[in-house]
Amino acid sequence: MAPTKVLDPENINENIKNLVYAVRGELYIRASELQKEGKKIIFTNVGNPHALGQKPLTFPRQVMALCQAPFLIDDPNVDLLFPADAIARAKLYLSYTSGGLGAYSDSRGLPGIRQEVCDFLLQRDGYPSDPDLIFLTDGASKGVMQLLNIIVRDKKDGILCPIPQYPLYSATIELVGGTLVPYYLNEENNWGLDIKDLRQQVAAARNKGINVRALVFINPGNPTGQCLSESNLRDLIEFCHNENILMLADEVYQQNIYQDERPFLSAKKVLMDLGLPYSKEVELVSFHTVSKGYWGECGQRGGYFELTNIHPKAVDELYKVASISLSPNVPGQIFVGLMVNPPKPNDISYPRYLQESKSILESLRRRAHIMTDGFNSCRNITCNFTEGAMYSFPKVKLPPAAVAAAKAAGKAPDVFYCIKLLEATGISTVPGSGFGQKEGTFHLRTTILPSEEDMPEVMQMFKKFNDEFMSAYEGPSEPFSR
Amino acid sequence: MRRALQAITSNLAASTGQLYRRRLPSVPRTDTLPERLLIHRYFFFSAERSPPITISTINPKVLSCDSAVHGEIVTRAKRLQQILLTKPSDLPFSEVIFCNVDDPQSLGQQPITFFREVLALCDHPELLDKGEVHGLFSLDSITRAKSIMKSIPGRTVGGYSDSKGIRSLRAAIAEGIGIRDGFSGNMEDIFLTDGASSGVHMMMRLMITSDRDGILCPIPHDPLYSASIALQGGALVPYYLNESTGWSLDVNELRLRLEAAFAAGIHVRALVVSNPGNPTGQVLADQNQREIIEFCRDEHLLLLADEVYQENIYTNKKYFTSFRKIARSMGYGEDDFNLVSFHSVSKGYYGECGMRGGYMEVTGLDSRVKQQLYKMASVNLCSNVTGQILMSLVMNPPRVGDGSYAHFTEERDNILSSLDQGSKMCVDAFKKMKGVTCNEVEGGLYLFPSIKLPNAALTAARSNGMEADTFYCRKLLDTTGIVTLPGSGFGQVPGTWHFRMTILPSQQKMAEILSRIADFHMKFMNEYRN
């Protein structure tokens, strides 16, 4: 009997076929191919700081090593290599577990770590939290997937997403069989929130028979970088309250703030500050991670979400689903604990921790400016300042000839541009179409993560490419970049 | 799941579509009158306040799945643990002992030193540059850590990796598979996942397109499978392992269940086989595996081989052979047989449950389907890197000639012999108990004894609103503090009762546990004798 495939593209889950995750999509695959062929690639497609040379903070890695190899703690020579506070913290975390890192924890995560998260939230926001309403997860993405999986019942359930958005949301909504309801951020107004548009989108969706169940907002924004003001957050909360919509607050970039006018404000704080009836009625899920900030520990897969005003039976169901996978990875949980409870001013490791974290943040702020200015110096490019997060999302004006060439090549114009950029310079970005953008506009997303030493060269390579591309498709004229 | 299984087994002859499809709880739809009115009212009045995410408005597939591991016995056990902290005199025992989940390190098993040395060095590579490290770590762990760090792009465990997992680690795993099977592995077939469970979820998500897609699962089986199938809205098609012949797997039984499913309009996509079995502990004989492979080929099924317990073998009458090796030995090449094999760092002699390391090896699938799998994996970016490294160490442990080899084998052999003795101790003890039968534990980390419960016990259970084995396990917990799981969470032939217990506690602890269970059992059977 001729061997046949049991699974073929015709008989597998349609939703998987339909979803697109551009961050590791066409451009990334092409970049990986070129890398295998020996070309030097600068991966700016994903917010992956350590892969681009950012050093891990020392204290957490010391604690982690001790937790991995507890025999070190008992060794008389341990203090030659590890400071006392790292040793003490490792002992504390090991005592939280039922058998070290290798034992399953509670499906919501170790209670001791969840308590640390509560302490952090109290300090950050001024409001108490319940450790049983904190779920530690294998990265924030898994938490987002769990929530969307529980909310979406079928195609008639709609989830509001900002355009542009981080495609985890569009991909997951597709995967769970829901409908993405877009609301447009206003590029001309610094990617600001437009409540009027939000209202219109909800009404339009409902007219089509969509139940709008939840609203995603990313603060600071990804890919857009804007930081929401207190009044933005209040408007969102009041809107969601009126419309009976659950809020999904993606706050993973809360440590990455590069301006002083709008420091980070958590949705929970603003919600509680508003008082009744909002504080008791608006359903909110807030996400955080160890992958971003000045930590950048993407590979650890550590994160958490906090539930506010969620129905207790729904919380039970979330716990049940979490328990099917038994527990999130314990090292990742410990990184969460270390992130929310870093060295304090009197600790031995504090000066080093402070110096390392400040230097990363200050460098990111400088790079945010270098990149924004670099893009804005090109005649055909406008770029809002990266107020927060890790990305730059410039708008590129493409001449009609380029748009036609793209069409002839069977590609979206920004995909075409990004592929050409990749092939010419090795810079691997993600086209704006991967995030959503206003019809007729083209963007690309790059990270601000290349090191400060490499940045000028990266921007130079980009500008040279942009000049050549524009000359090729618009005809010779003054150079496009200065 | 219990209801669904009992419905199926009691009426197999009258196969209709209803038997296999989970009856989903009814939820209010937004086109019901009350909810239309709600929307209508919004526009003209202020709407009624009602949270959108209540129990009646969440994904019904989530509601329909059970989690035996997180069920009522475990919940009660945790509550009793709390009571022990505050009012210990209220309870007739001083310790709650969790024998419900195979979590070796929570029951005192120590991790393998070499593995943890390498992980610690990879977590804090600064150590590798310091002279003092040689006083604290073995030389070959330093060498291995250096080599691993050099092979990771960016030389860091803190970066997102390739969505299938770090290339060099997959290469090491493929090499380990080749050494194990005598047929070389291919690193492009390997997907590193956060524990084997993640891989199982991905495959169910890939394969299940509607409630007419069925997956053949053994009865009894690990509740991961029933839960995962329910979450995707598919149909679990049960096949019975034969308790009287050591939980053997009869291909005729598979054929029978497949035909009945087909008659009921269910399109069976895959067959799940656990080898060694969980919770049953049987190891498949090569001939049996050959029959299963031929069956899958004949019936056009994907074989999902759960092989996470491959290093937990306690019989010298049988040995573990991977399905991949059997298929290759039968002459079936890469493209001739559709197989997904799962492995994990959680079991074996390493027992690293909390690290969440695992892989699935995907062979014989259409390359376009593999691309879709890859795309799905990429949405989560990657599995945790520590788990990836650990998985590669498990598949590529110290070998003869390595500095750590002697110590490594000593640790490994101590753990395995302790598990071996534990398994025999348990089986012997249970065989001595009246009304209890227990098959030999050939492999795995559990035993699944069967109890003939007297009618009075069945009546008492019913009046308490419980299954009979849940009643037994609950009483066992309340009397002794020992946590086990009732067989009804895993599936069993109707009218039979079982419970699942791990063989993990140390010999000393185990002796105490078994004596308390024996004591309880005698009193229980006495109290409820007919």
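Which residues are buried in helix 10 of chain B? In this predicted model, the buried residues of helix 10 are B:Pro223, B:Leu224, B:Tyr225, B:Ser226, B:Ala227, B:Ser228, B:Ile229, B:Ala230 and B:Leu231. Because nine of the nine residues of this helix are buried, helix 10 of chain B is largely enclosed by the rest of the structure. After helix 10 of chain B comes B:Gly233, which has a positive phi near 75°.

From this helix one may turn to the chain that contains it. Chain B comprises 19 helices and 14 strands. Of its 530 residues, 62% are buried. When contacts in chain B between residues at least 6 apart in sequence are considered, 72% of them join residues at least 24 apart. In an unreviewed entry, UniProt lists residues 152–517 of chain B under "domain: Aminotransferase class I/classII large". That span is 42% helix and 16% strand, and its end C-alpha atoms lie 50 Å apart. For chain A, the UniProt annotation "domain: Aminotransferase class I/classII large", also from an unreviewed entry, covers residues 86–460. Here the end C-alpha atoms are 43 Å apart, with 44% of the span in helix and 15% in strand.

The two chains meet at an interface. In it, 101 residues of chain B are in contact with 99 residues of chain A. The size of an interface is often given as the accessible area lost when the parts come together. Between chain B and chain A the buried area is about 8700 Å², and carbon and sulfur atoms give 57% of it. Polar contact across the interface of chain B and chain A involves 37 residue pairs, both residues being at pLDDT 80 or more. Several helices of chain B each supply at least two residues of the side that touches chain A, among them helix 5 (113–123), helix 9 (195–207), helix 12 (286–299) and helix 15 (385–394). Helix 10 (223–231) of chain B is also one of these contributors. The most is given by helix 14 of chain B, with eight residues. Sorted by class, the side of chain B that touches chain A has 42 nonpolar, 33 polar and 26 charged residues.

Charged side chains also pair across this boundary. Four salt bridges are counted between chain B and chain A. One salt bridge joins the side chains of B:Glu126 and A:Arg352, with an N to O distance of 3.5 Å. In another salt bridge, the closest N and O atoms of B:Asp335 and A:Lys5 are 3.4 Å apart. B:Asp335 lies in the loop between helix 13 (323–329) and strand 7 (339–344) of chain B, while A:Lys5 lies in the segment before helix 1 (14–18) of chain A, so this pair joins two chains. A:Lys5 is partly exposed, with a relative accessible area of 25%. A network of salt bridges links A:Asp106, A:Arg108, A:Arg114, A:Asp132 and B:Lys78.

Over all chains, the structure holds 52 salt bridges. Some are formed inside a single chain. In chain A, the side chains of A:Glu423 and A:Arg30 meet in a salt bridge at 3.3 Å, N to O. This pair links distant parts of the chain, with A:Glu423 in helix 17 (residues 413–425) and A:Arg30 in helix 2 (residues 26–36), 393 residues apart. A:Glu423 is partly exposed, at a relative accessible area of 34%, and A:Arg30 is likewise partly exposed, at 27%. In chain B, a salt bridge brings the side chains of B:Lys431 and B:Glu440 to 2.7 Å, N to O. B:Lys431 counts as partly exposed at 44% relative accessibility, and B:Glu440 is partly exposed at 46%.

A last stop is a glycine of chain A. A:Gly139 occurs in the loop between strand 2 (134–137) and helix 7 (140–151) of chain A. This glycine, A:Gly139, is buried, with a relative accessible area of 0%. Leaving aside residues up to four places away in sequence, A:Gly139 touches A:Arg301, A:Gly302 and A:Gly303. The C-alpha atoms of A:Gly139 and A:Val216 are separated by 17 Å, the two residues being 77 residues apart along the chain.

Technical notes. Residues numbered from 1 in each chain as written. Chains lettered and ligands numbered in written order. Predicted model: local features only at pLDDT ≥ 70, side-chain atom pairs only at ≥ 80, totals over all residues. Heavy atoms only, no water. UniProt positions renumbered as here; feature names shortened; annotations may be inferred. Helix = DSSP H or I, 4+ residues; strand = E, 2+ residues; numbered from the N terminus. Contact = heavy atoms within 4.5 Å. Buried area = accessible area lost by both parts, 1.4 Å probe. Polar contact = N/O pair within 3.5 Å; in protein donor to acceptor, adjacent residues only side chain to side chain. Nonpolar A, V, L, I, M, F, W, Y, C, P; charged D, E, K, R; others polar. Buried < 20%, exposed > 50% of the residue type's maximum accessible area, 1.4 Å probe, protein only.
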